[in-house]
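Subject: Structure handover

Hello,

Here is the structure I said I would pass on to you. My notes on what was found in it follow below.

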Amino acid sequence: MVKHGYKQTEIGVIPEDWNISTLETQYNITSSKRVFQSEWRDSGVPFYRAREIAVMGEGVPAPKDLYISEKMYEQYSKQYGAIKENDVLITGVGTLGKVYVVKKDDRFYFKDGNIIWLQWNGRYSSQFLKQLYRTPVLTDQVFGNAGGSTVPTYTITNAKATVVPCPAYQEQCDIAEVLSDTDELIATIEKQIAKKKAIKQGAMQELLTGKRRLLGFFGEWEKTVLGTVSSFYTGGTPSKKREDWWNGDIPWISSSDLTEDAITSVNINRYISKDAVEHSATRICPKDAVLVVSRVGVGKVAVAPCELCTSQDFTAIVPHRHNPHFLAYMLIPVMKELAMQAQGTSIKGVTVEDIQKIIMPTPTIDEQNQIVDILANMDSEIEALEQKLEKYRQVKQGMMQQLLTGKIRLA
C-alpha cells in the first residue's frame, strides 16, 4: 500500500506533487561532430573521450593528452554548437552512465558516439540529474537498456527514453545543493588522505633507508639475510567440502583480506577448526607474524593481529631481530619489486626461498621501535580519516535514497 501523499510510478514511489518524464522532454539530446583520429593534435583545444569524461565526473582533472586544432574547434562550434554551462555529458561506452556537468569556463571538444550530450535549456537541474545517475532509478535504466553485440552501450535513443522524476525546479536545485555539499566534504577528506599518504611515503623513504636518522642514533646499519634471522610458515586451504572444518574458532585469511600498503589492516571473517588445521597444509601463525602474500595478490604485507591461519598464498615470517612492524614496512617496496620479477606457469609468485634470500637492513631494536612509532602514528591518522570518509559516504548514500525519491522533503 502506497503511503498517503505518494504515488506509484514506473520508476517507483514518489510524492504526489512530483511528475515523471523522459529526458528528451527536458533536454535537447545529441552528440558531437565526428573527429577522426588522424585529426588529433598534440596541442590546441583539449579533446576528451569517454574515459576522460568519466574521470572528470568524479571531480578529478582529466589528463590533457589529445587535442584538436583551434581552427577545427571554431569551425565545429559555429556549425554544430559548443558546450555551455550546465550541459550534461554522459558516457555511453566503457564505464556507462558517468556524468559530467559542464562548468562555466570549460572549453573542450569530445568524441562522438561515446559521449551523449544533453544541452541544457533551464527546465531541469543538471546537478540534480547527475545525482540521479548515481541511483538505481537511473542506473537500472542505463544498464537495462544497454545494447551492443559484444560491448554494452548507452545510446542517444536510450537517453531520450530514460525516465526521470520531476520535482519543482527549485526543489531539484535545493536537493542537488545539499548532496553537492556532501560531495565536497567527501572530496576534501579524500584530498587529506592523499596528502597524509604522500607525507608517509616520504617519511618511509627517508626513515627506512637511513637517509634520515633519529636523534641519538649513529653508525651504519647492520645488514642481515632474512632467512638467517627469522622463522617461516606457509599456509593452506582446508577442504571446503568439510563444513565442520569451517565452523571453528581459529581465524583463517586469504590474500583478499589484506589492504594494499596498510600493514595493520587484516579483515578476519572466516574461522576454521582445530581438526582442519591438523588435517590440512595450513599452520597456526603466532600473533605479530609478518604476513607476506607470495602468490595471488603478491606484494601485500601485513602484521598478524592475533594467532591465525592463512591460505597457501602467504608466507608468514616470525622475525628474531626485527620489530615485526618495522620488518613489514621494510618489506612493502621489496615485495613489490619481487612481484614485478615473479614468474610462474599459471600463477605468478614469490617463493619462500626468494624471501629468505632478502638482505635486510637491521638497525638496533630501539631505533626500529622509534621509526615504527612515527610511521604507526601516521597510519593511525590515515585510518581515522578513512573511517571518517566511509562514514560520510554512507551518510551520502542514505541522503540520496531519501532525497532523490522524495521520502524526505526539504522545507
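D261 counts as partly exposed, because its relative accessibility is 33% and the buried class ends at under 20%. Please keep in mind that this is a predicted model. D261 sits in the loop that joins β15 (258-259) to β16 (262-266). Its phi is near 60 degrees, which is a positive value in a residue other than glycine. Most residues other than glycine have a negative phi. D288 also has a positive phi without being a glycine, at about 75 degrees. This residue is in the loop between α7 (274-278) and β18 (290-293), and with a relative accessible area of 28% D288 is partly exposed.

How much of α1 is buried? Six of its eight residues are, so the helix is largely enclosed by the rest of the structure. The buried residues are A50, E52, I53, A54, M56 and G57. The cover over them includes β5, β7, β8, β10 and α3. Just after α1 comes G59, with a positive phi of about 85 degrees.

One of the elements in that cover is β7 (residues 88-91), and both of its faces are covered. V88 and I90 on one side are buried, and so are L89 and T91 on the other. In a regular strand the side chains alternate between the two faces of the sheet. β7 pairs with β8 (residues 99-101) in the antiparallel sense, over three bridges, and L89 stands opposite Y100 in β8. β7 also pairs with β10 (residues 115-119), again antiparallel, over four bridges. There, I115 of β10 is the bridge partner of T91.

Now K130, which belongs to helix α3 (residues 126-132).

Is K130 buried or exposed? K130 is buried, because its relative accessible area is 15% and the limit for buried is under 20%. Apart from its neighbours within four places in sequence, K130 is in contact with G57, V99 and V101. A polar atom of the K130 side chain lies 3.2 Å from the backbone oxygen of G57. Along the chain, K130 and A176 are 46 residues apart, yet their C-alpha atoms are separated by 8.6 Å.

K130 and G57 come up again in the largest pocket.

Rolling a probe the size of a water molecule over the atoms shows where empty space is left. The largest pocket holds about 1,400 Å³ of space. Its lining has 44 residues, and those closest to its centre are G57, E58, G59, K130 and R134. Two or more lining residues come from each of β5 (45-48), α1 (50-57), β8, α3, α4 (136-144), α6 and α10. α6 gives the most to this lining, with seven residues.

In soluble globular proteins, nonpolar side chains tend to be buried together. The largest nonpolar core here has 33 residues, and I317, L331, I355 and L375 have the most contacts inside it. At least two residues each are supplied by α6 (169-207), β18, β19 (301-303), α8 (324-341), α9 (352-356) and α10 (365-403). The largest share is that of α8, with nine residues. Which residues does I355 touch, leaving aside its neighbours within four places in sequence? I355 is in contact with L226, F232, V292, S294, T315, I317, M335 and V350. There is also a second, separate core of 32 residues, which includes Y124, L132, A159 and I175.

Strands of a sheet pair through backbone hydrogen bonds, either parallel or antiparallel. An open sheet of three strands runs in the order β17-β14-β20, with mixed pairing. β17 (271-272) and β20 (309-310) stand at the edges, and each has a single partner strand, so one side of each is left without a neighbour in the sheet. β14 (residues 250-253) and β20 pair in the parallel sense, over two bridges. In that pairing, T310 of β20 is the bridge partner of I253.

Regards

Key:
Residues numbered from 1 in each chain as written. Predicted model: local features only at pLDDT ≥ 70, side-chain atom pairs only at ≥ 80, totals over all residues. Heavy atoms only, no water. Buried < 20%, exposed > 50% of the residue type's maximum accessible area, 1.4 Å probe, protein only. Core = buried A, V, L, I, M, F, W, Y, C linked by side-chain atoms within 4.5 Å. Contact = heavy atoms within 4.5 Å. Polar contact = N/O pair within 3.5 Å; in protein donor to acceptor, adjacent residues only side chain to side chain. Pairing = 2+ DSSP bridges. 1 Å grid on protein atoms, 1.4 Å probe; cavity = no way out; pocket = protein on both sides within 12 Å on 5 of 7 lines; lining within 4 Å. Points joined across faces, edges and corners; volume = space filled by probe spheres on them.
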